[in-house]
Amino acid sequence: MALRACGLIIFRRRLIPKMDNSTIQFLLLQASDGIHHWTPPKGHVDPGEKDLETALRETQEEAGIEASQLTIIEGFRKELNYMARKRPKTVIYWLAEVKDYDVEIRLSQEHQAYRWLGLDEACQLAQFEEMKAALQEGHQFLCSTAA
């Protein structure tokens with residue numbers, strides 16, 4: 001059976017007057033262990049926990065962002081399936097916008113750094129093709145809707 005994890009692709013945007021689009025930045029966290037990879041906050045689903053509850057709990061634990069500080073963007077849900085440590089893993093992501101552009105990030109011991117990045121930079125840091133695709137699809141979704 002595949003490991004199951006859930007997380008949030010967190011973004012912020014500064015709406016700039018007289019421009020067609022907004023500037024979108026994604027939050028990536030750098031793991032403290034292994035290859036020090038960069039991902040949005042995510043974690044394993046606890047017994048009896050709903051997927052979105054997991055994503056919100058993990059975001060609070062790993063980045064210090066409370067559910068009340070976020071707006072979940074309706075209509076976007078991305079499922080990634082890949083091998084992690086020789087075991088199948090499924091990760092489900094939702095898009096979430098921080099309500100305060102300058103929200104304070106408080107990392108747990110699981111992560112050693114964070115960065116707010118535009119799409120291209122985020123994809124360069126993400127390393128894994130599945131994560132790059134999720135970021136690209138999230139960005140495209142935001143740019144094509146009135147989210």
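The largest nonpolar core of this predicted model has 23 residues, of which Ile9, Phe11, Phe26, Leu95, Met131 and Leu135 touch the most other members. A nonpolar core is here a set of buried Ala, Val, Leu, Ile, Met, Phe, Trp, Tyr and Cys residues joined through side-chain atoms within 4.5 Å. Buried denotes a relative accessible area under 20%, exposed one over 50%, and partly exposed a value in between (1.4 Å probe, protein chains only). Two or more residues of this core are given by each of β1 (3-14), β2 (23-31), β5, β6, α2 and α3. Helix α3 contributes the largest share, 5 residues. A second, separate core comprises 16 residues, among them Ala55, Ala63, Ile92 and Val98. In soluble globular proteins, nonpolar side chains tend to be buried together.

The model is a prediction, in which local features need pLDDT of at least 70 and side-chain atom pairs count only at pLDDT 80 or more, whereas totals for chains, interfaces and linings use all residues. Residues are numbered from 1 along each chain as its sequence is written, and side-chain values use heavy atoms, with hydrogens and water left out.

The surroundings of two residues illustrate the packing. Contact is defined as heavy atoms within 4.5 Å. With neighbours within four places in sequence set aside, Phe26 is in contact with Ile9, Ile10, Phe11, Leu95, Arg115, Trp116, Leu117, Leu119, Ala122, Leu135 and His139. Ile24 is located in strand β2 and is buried, its relative accessible area being 6%. Not counting residues up to four places away in sequence, Ile24 touches Phe11, Arg12, Arg13, Leu117, Gly118, His139, Leu142 and Cys143.

The secondary structure consists of 3 helices and 7 strands, arranged along the sequence in the pattern β-β-β-β-α-β-β-β-α-α. Helices (H or I, at least four residues) and strands (E, at least two) are DSSP runs numbered from the N terminus. The radius of gyration is 15 Å, close to the 15 Å that the globule rule gives for 147 residues, so the protein is as compact as a globular protein of that length. This radius is taken over C-alpha atoms, and the globule rule is 2.2 Å times the number of residues to the power 0.38. The C-alpha trace spans about 50 × 30 × 30 Å along its principal axes.

Of the 147 residues, 46% count as buried. Among contacts with a separation of 6 or more, 68% are accounted for by residues 24 or more positions apart. The protein exposes about 8200 Å², of which carbon and sulfur atoms supply 49%; accessible areas come from the Shrake-Rupley method with a 1.4 Å probe, and for residues only the protein chains shown count as cover. There are 18 positive and 22 negative side chains, and the centres of the two sets lie 2 Å apart. Lys and Arg count as positive and Asp and Glu as negative, while His and the chain ends are not counted. The place of a charge is taken as NZ of Lys, CZ of Arg, CG of Asp or CD of Glu.

Several loop residues were also examined. The loop between β2 and β3 (38-39) holds Asp33, which is partly exposed at 44% relative accessibility. Asp33 and Asp51 are 18 residues apart in sequence, and their C-alpha atoms are 25 Å apart in space. His36 is also found in the loop between β2 and β3 and is partly exposed, with a relative accessible area of 31%. Apart from neighbours within four places in sequence, His36 is in contact with Gln30, Ala31 and Gln112. A distance of 10 Å separates the C-alpha atoms of His36 and Leu125, which are 89 residues apart along the chain.

Lys99, in the loop between β6 and β7 (111-117), is exposed, with a relative accessible area of 56%. When residues up to four places away in sequence are not counted, Lys99 touches Ser68, Gln69, Leu70 and Thr71. Lys99 and Arg12 are 87 residues apart in sequence and 8.0 Å apart in space, C-alpha to C-alpha.

Backbone angles were considered last. Most residues other than glycine have a negative phi. Lys86, however, has a positive phi near 65°; Lys86 lies in the loop between β5 (70-84) and β6 (87-98) and is exposed, with a relative accessible area of 79%. Gln127 likewise has a positive phi, of about 70°. Gln127 belongs to the loop between α2 (119-126) and α3 (129-144) and is partly exposed, at a relative accessible area of 42%.
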